[in-house]
Amino acid sequence: MVSAASDKLVGHLRALVGRRFVVTAAGRAAAYAQGYRTGGGPVALVVRPGSLVELWRVFKACIAADHIVIAQAANTSLTGGSTPNGVYDRPVVIINTLRIRGVFPIRGGAQVICLAGSTLNDLERVLSPLGREPHSVIGSSCIGASVIGGVCNNSGGALVQRGPAYTEYALFAHVDAYGEVHLVNHLGLKLGDDAEAALRRLEEKRFSEDDIADDGHAASAAVDYADIVRAIDEPSPARFNADPRRLFEASGSAGKVLVFAVRLDTFARPDHAATFYIGTNDTAELTELRRRFLSGARSLPVSGEYIHREAFDVAARYGKDTVLAIRTLGTERLPWLFWIKDRIDRLAAATRLLPRQPSDRLLQFCAKLLPQHLPSRMRDFRDRYEHHLILKVADRGVGEARSLLDAMFPSASGAAFECERGEAQQAMLHRFAVAGGAVRYRAIHPKRVGAIVAIDVALPRNEGDWFEKLPQDIEAQLVGKLYYGHFFCHVFHQDYLVRTGVDPVALEHRILQLLDARGAEYPAEHNVGHLYLAKPVLADHYCRLDPANCLNPGIGGMDRSRHYGAQAEGSRAPVASIQPSS
């Protein structure tokens, strides 16, 4: 697998991190080189540094050896953005950062510094005793996603008040237009001028509160997102991947810089919360509810998760084992279960004696034997109503929500109830299980479903007719379509189960044209990866971060060659390199 050009680099990296942490065998490398849902390709090697200093040395060695670098943590990208894809003009190295863990609360827990491989589970575990929460709860944390991956990939999250993952504080390595590597300390933390000494000092937590600076930068999107999401008459989306307001150095970088650490806000855990379950057959009722909450309520909801009946049914049948696993084992064990599942499927594929994805078939069979897991009131609403909304509110917002819902429901088209504690948990877990349910459906029915076209889309804030109506010729190419998402932000996940024999790329292009006509933005929160074209503002961001095109080339459909080939001569050429600071 290793070419002659990479032989010398392999020896160097083994000396830096140890032989066991440099992977050259194709079989072992596949776990890192294949995407969670899409993407993947051959790599020269995978290296797994165990400290920030090792990460710095490894990165410099790879750039000096003229190798492309793709940085990766948990490899949970849904759009293939943390794995290779296609043909490159230089050998590709994946640097996996999961061994580099560290979560350091600062400012009494009001903020936190997270190192390169820290996961959302790590962050939740550290913050819980402090009565604080991270930007995101449940969702990506269940599959072991990293904190920095969320920041780099514009991850959205379900929480209305907090907006997308975002910070203007980061410590990262940047390659300038001449191929020189710089360590850029914009963490707002005094660490000194020597790169390796600074990295050791950070990792060993040898700093005090006096070393932390406030320079007016934001450590989350929450500083202005409430005003943005409340502007319900604006003809633009509240949040989306190419939003220029959320592109700042590491934030939205998509692997075009190598991030060592980020500094983020945390959020106080509410004293009291309540969850309401709303069902209706009239989308206008949900539109009116959204407008009343966002324009009139003093307290924004914590979350408002939409799920359509068809998505409800797929999650109920094909996501049942996921819900039960989380409820029984907790989110912290789910990444381990995913790891085991992946290894079983890879082993089966290598032997060629078992059907594809045997783990899905086994889990689905076992799930059928287990008792009903959804509360009776949810199942009753499923039978009565097409559209469902899981509304969570907190503290003074609880009373406001009760009054507003009492004024609207029951109606001729809908009803609502306040969830008991167990119902609230089941409702949110059920909503989370939709995406995995679609993947399971395809695995169980390969003769019916040839592909899944998964689009996460941000609709304009003033869009009243938000529920998609497809032309009949598109409907005929689908086995089913799943609609779910973050209703108050008007961010929707739309998964299309494409019939076998249908060209999924052509179908996706047709659907995207319809979304363009509605003024939508996409992707909304999963980054462009290798599935979407980067719009000019995003492409310019990438070029400024990585003018030599050494990191993650080809992201967003961009040129893969050094200095972006002909693009380096045009409008996307960087006007200035990022300036290092200590």
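Where is Pro410 found?

1. Pro410 is in the loop between helix H14 (396–408) and E15. This is a predicted model, and in it the peptide bond that joins Phe409 and Pro410 is cis, with omega about 0°. A cis peptide bond also joins Tyr522 and Pro523, where omega is about -5°. Pro523 belongs to the loop between helix H17 (504–517) and helix H18 (536–545). Most residues other than glycine have a negative phi, and most peptide bonds are trans.

2. Asp395 deserves a look for its backbone. Its phi is near 50°, a positive value in a residue that is not glycine. Asp395 is placed in the loop between E14 and H14.

3. On the sheet that contains E14 and E15: 7 strands form an open sheet, and their order is E15-E12-E14-E13-E17-E18-E16 with antiparallel pairing. At the edges are strand E15 (414–418) and strand E16 (449–458), each of which pairs on one side only. On average, and with direction ignored, neighbouring strands of this sheet are turned by 15° against each other.

4. Within that sheet, strand E13 (residues 303–308) pairs with strand E14 (residues 387–394) over 6 bridges, in the antiparallel sense. Ile307 has His388 in E14 as its bridge partner. Helix H8 (residues 283–296) packs on the sheet and touches strand E12 (273–280), E13, E14 and E15. The direction of H8 makes about 15° with that of E14.

5. Helix H15 (residues 421–444) also belongs in this picture. H15 lies across E12, E13, E14, E15, E16, strand E17 (478–486) and strand E18 (491–499). Relative to E17, helix H15 runs at about 145°.

6. The other sheet to check is an open one of 5 strands, in the order E5-E6-E10-E8-E9, and its pairing is antiparallel. Strand E5 (103–106) and strand E9 (181–186) stand at the edges with a single partner strand each, so one side of each has no neighbour in the sheet. From one strand to the next, the twist averages 20°.

7. Two pairings in the 5-stranded sheet can be followed residue by residue. Strand E8 (residues 170–175) and strand E10 (residues 258–265) run antiparallel and are joined by 4 bridges; Leu171 stands opposite Ala261 in E10. E8 and E9 pair over 6 bridges, also in the antiparallel sense, and Ala170 stands opposite His186 in E9. The hairpin of E8 and E9 has 5 residues between the strands, and there Gly179 takes a positive phi near 85°.

8. Which helices lie on these strands? Helix H4 (residues 120–127) packs on the sheet, where it touches E5 and strand E6 (111–115), and the direction of H4 makes about 40° with that of E5. Helix H6 (residues 195–203) lies across E5, E6, E8, E9 and E10 and runs at about 120° to E6.

9. H6 has a helix partner as well. Helix H3 (residues 52–64) and H6 pack at an angle of about 145°, and their axes are 8 Å apart. From H3, the residues Leu52, Val53, Trp56 and Arg57 meet Ala195, Glu196, Leu199, Arg200, Leu202 and Glu203 in H6. By class, this contact of H3 with H6 has 6 nonpolar and 4 charged residues, and no polar ones.

10. A further helix pair is H11 and H12. The axes of helix H11 (residues 334–351) and helix H12 (residues 358–369) come within 8 Å and cross at roughly 125°. H11 and H12 are therefore oblique to each other. In the contact, Lys341, Ile344, Asp345 and Ala348 in H11 meet Pro358, Ser359, Asp360 and Leu363 in H12. The residues of this contact divide into 4 nonpolar, 1 polar and 3 charged.

11. How many cavities of 30 Å³ or more does a search of the whole structure find? The search finds 1. The largest cavity holds about 30 Å³ of space. Its lining consists of Leu459, Trp466, Phe467, Glu468, Tyr483, Phe492 and Gln494. These lining residues divide into 5 nonpolar, 1 polar and 1 charged.

Technical notes: Residues are numbered from 1 along each chain as its sequence is written. This is a predicted model: local features need pLDDT of at least 70, side-chain atom pairs count only at pLDDT 80 or more; totals for chains, interfaces and linings use all residues. Side-chain values use heavy atoms; hydrogens and water are left out. Axes are lines fitted to C-alpha atoms, for helices over the stretch in contact, and angles run from 0 to 180 degrees between N-to-C directions. Angles under 35 degrees count as roughly parallel, over 145 as roughly antiparallel, 65 to 115 as roughly perpendicular and the rest as oblique. Contact means heavy atoms within 4.5 Å. Ala, Val, Leu, Ile, Met, Phe, Trp, Tyr, Cys and Pro count as nonpolar, Asp, Glu, Lys and Arg as charged, and the others, Gly among them, as polar. On a 1 Å grid over the protein atoms alone, a cavity is a set of points where a 1.4 Å probe fits but cannot get out, and a pocket is an open set with protein on both sides within 12 Å along at least five of seven lines; lining residues have an atom within 4 Å of a point. Grid points are joined across faces, edges and corners, and a volume is the space filled by probe spheres set on the points. Two strands pair if DSSP finds at least two bridges between them.
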